Amino acid sequence: MKMRYKVYFVLLAIIWILAFFICLKVGAIEMSWKEFSKALIKGSDEEIVNTIIFNLRLPRLLLAALTGVALSISGLLFQALLKNPLAEPYILGISGGAGAGMMLAFATGISPILFGFSTLPLYSFLGALITIIFVYSFAGGHKNELHVNTLLLVGIALQAILSAFILFIQNILEPIDMARAFAIIMGRIPSLEWAQLSFVFFVTFLGIIPIIPLGRSLNALSLGDENALSVGISVEGMKRLIFLIASLLTGSFVAFTGIIGFVGIIVPHIARLIFGADHRRLIPVSIIGGSLFLMVSDTLARTIFSPTELPVGVLTAIIGGPFFLFLLARDGKKR
Amino acid sequence: MLELNNISFQYYTGSFSVEAELVARKSELTVIVGPNGAGKSTILKLAAGLLKPSAGKIFLEAKKLSVMSRKEIASKLAYIPSETNSVFEFTGREIVEMGRYARKAPFEPMNESDQRAIENALAMVDASELENRDFRNLSSGERQRIMLARAIAQEANWLLFDEPTVHLDIKHQIEFFKLLKKFAVSENKGLIVVTHEISIASIFADSVAVVSNGRVIRSGSREILFDKKLLFEIFGVNFEFINIHGNKVLFPQAGI
């Protein structure tokens, strides 16, 4: 790695650590730095402060970080596979597919609790996987004639259809209480129980570990399938792996947080601006940058209108939507 | 030897099929010529293992291509498309470095011999000054040189080019073919080039395959290109040839 990138990387890590503690400290219940550090080191004398930090803010912050990792890595993988910096789980309709899968499981009551864990993530994972295969085939990918613009249009159309579907099902189930459907469509980060959070950690590692050695393969793939084949990358294997892992990451997180859009565009794009196009750098940078981005976004979402909270999905859409349009306009001019 | 044995292939749409028989040898420049849409590029992609034939066998140095892994193929054969675009901000050097991937385990860093191979390749195609430039901002000729450097860095015995000179002016076309010819002989490489620059092919080719309507209709030495009747049938244009220093050169009659 070049010296310059090492410096940026260290800076990013330092910002991450600072952001982590600031995000943990701020909130509706104010506390001084002294009080905060005491609570962290040996526990506060006031039980309520301990509860707020360790049972409310910390699990929420960690879930936000992991969600940021999952969404950024999914975006990065799709962008390399589809040669399009605008590809991302939300834009491709995959988050919608995950939400719809979960809603169907709700409606039909086929999601039992196994060993104390909800099986909903399984259904949102399947929803995501089916959607990505559908979108890819619809745009001609299975015939090696992928139309990248069609792909985005199909994804955006699907996202609209699936959101409507989620609201429709909810309307049939409980027309008075639409809150659950809205929580799926505009995602928010909950404070999970530690047992559930450890499951989320496990899924994240399961998805990230196989990606770590693939930097070079993703580089070659992002220049086109033929290009990747001709330098010795097995493209079919990569495709299957990316579909599976991106569905796993996106899908299982939607079950906990609902749909949070645009993270997978914003983070890899900024990462490329600073660290270049080499995925050996982009993978670790997206992991750290993605978690940083969603930690900060979620903290803003819960504090700007304090004591009321904004769903973080609203915030990422307000930032990410215009960002998407900006990239679209810029790339459109180049073509 | 690179051998296509009774190959047939059909695209999904079913509108176009290819049947091919082709032999290319090391230290030779084999040229595939034919009009637009004749199936030249398809045949080249079949030879490179980028497309899978529906029947027939391809042998790369006596080994069946279909049983080789992508890595094994890439260490023996490099493919250079007619045009490469990137949507991401790779540098010229990062693209050339991809030529070394097939020789590396996932975490194995690029060592000194890799760096040397990359630098030699860049120098050979006169592209050293492009190594830190954004690949997206290069001209198509410069991008083509980077892709050629990548193929050289791959250190494969076989190099397959699809329309490599489309974006080059006549001087650079000639220089490019001279470079290929020298490369084939001095490095003992087998080169296959798809082109419709039939005049240039008639100067440089060691071996020629003429493709029309998805079939290899004639193959052999450069001499077969001097069959005026055949050329008219295929291209619909009358060709003449002239003698320059004892070498026959083809040129088309414009018919004005």
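Colleague: What makes a local feature or a side-chain atom pair count here?

Modeller: This is a predicted model, in which local features need pLDDT of at least 70 and side-chain atom pairs count only at pLDDT 80 or more, whereas totals for chains, interfaces and linings use all residues. Residues are numbered from 1 along each chain as its sequence is written, and chains are lettered from A and ligands numbered from 1 in the order in which they are written.

Colleague: What confidence does the predictor give chain B and the complex?

Modeller: The pLDDT, the predictor's confidence in each residue on a scale from 0 to 100, has a mean of 89 in chain B, where 98% of the residues reach 70 or more. For the complex, the predictor gives a pTM of 0.91 and an ipTM of 0.89.

Colleague: How many helices and strands are there in chain B, and how are they defined?

Modeller: Chain B has eight helices and twelve strands. Helices are DSSP runs of H or I with at least four residues, strands are runs of E with at least two, and numbering starts from the N terminus.

Colleague: Why is Leu162(A) called buried?

Modeller: A residue is buried if 20 or more other C-beta atoms, placed from the backbone, lie within 10 Å of its own, exposed if 12 or fewer, and partly exposed in between. Leu162(A) has 25 such neighbours and therefore counts as buried. Leu162(A) belongs to helix H6 (residues 148–173) of chain A. In chain B, buried residues make up 41% of the 256.

Colleague: Why is Lys57(B) called partly exposed?

Modeller: Lys57(B) has 13 other C-beta atoms within 10 Å, so it is partly exposed. Lys57(B) is located in strand E4 of chain B.

Colleague: Which residues does Lys57(B) touch, and by what criterion?

Modeller: Two residues are in contact if their C-beta atoms, placed from the backbone, lie within 7 Å. Leaving aside residues up to four places away in sequence, Lys57(B) touches Asn5(B) and Lys64(B).

Colleague: What makes E4(B) a paired strand?

Modeller: Pairing requires that DSSP find at least two bridges between two strands. E4(B) and strand E1 (residues 2–10) of chain B have five, in the antiparallel sense, with Leu4(B) opposite Ile58(B). E4(B) and E5(B) are joined by two bridges and also run antiparallel; here Leu60(B) is the bridge partner of Lys63(B).

Colleague: Where does Glu61(B) lie, and what is its phi?

Modeller: The hairpin of E4(B) and E5(B) has two residues between the strands, and Glu61(B) takes a positive phi near 45° there. Most residues other than glycine have a negative phi. With 14 C-beta neighbours inside 10 Å, Glu61(B) counts as partly exposed.

Colleague: How do you know that helix H4 of chain A is mostly covered?

Modeller: Eleven of the 15 residues of H4(A) are buried. Among them are Gly96(A), Gly97(A), Gly99(A) and Ala100(A), and Leu162(A) touches these four residues. The cover of the buried residues includes helix H5 (120–138), H6, helix H7 (179–185) and helix H11 (235–257) of chain A.

Colleague: How does the span of H4(A) compare with the expected one?

Modeller: The expected span is 1.5 Å times one less than the number of residues. H4(A) (residues 94–108) reaches 21 Å from its first C-alpha to its last, close to the 21 Å expected.

Colleague: What makes up the side of chain B that touches chain A?

Modeller: On that side, 23 residues of chain B are in contact with 22 residues of chain A. H2(B) gives the most to it, with four residues. The residues of this side divide into 16 nonpolar, three polar and four charged, where Ala, Val, Leu, Ile, Met, Phe, Trp, Tyr, Cys and Pro count as nonpolar, Asp, Glu, Lys and Arg as charged, and the others, Gly among them, as polar.
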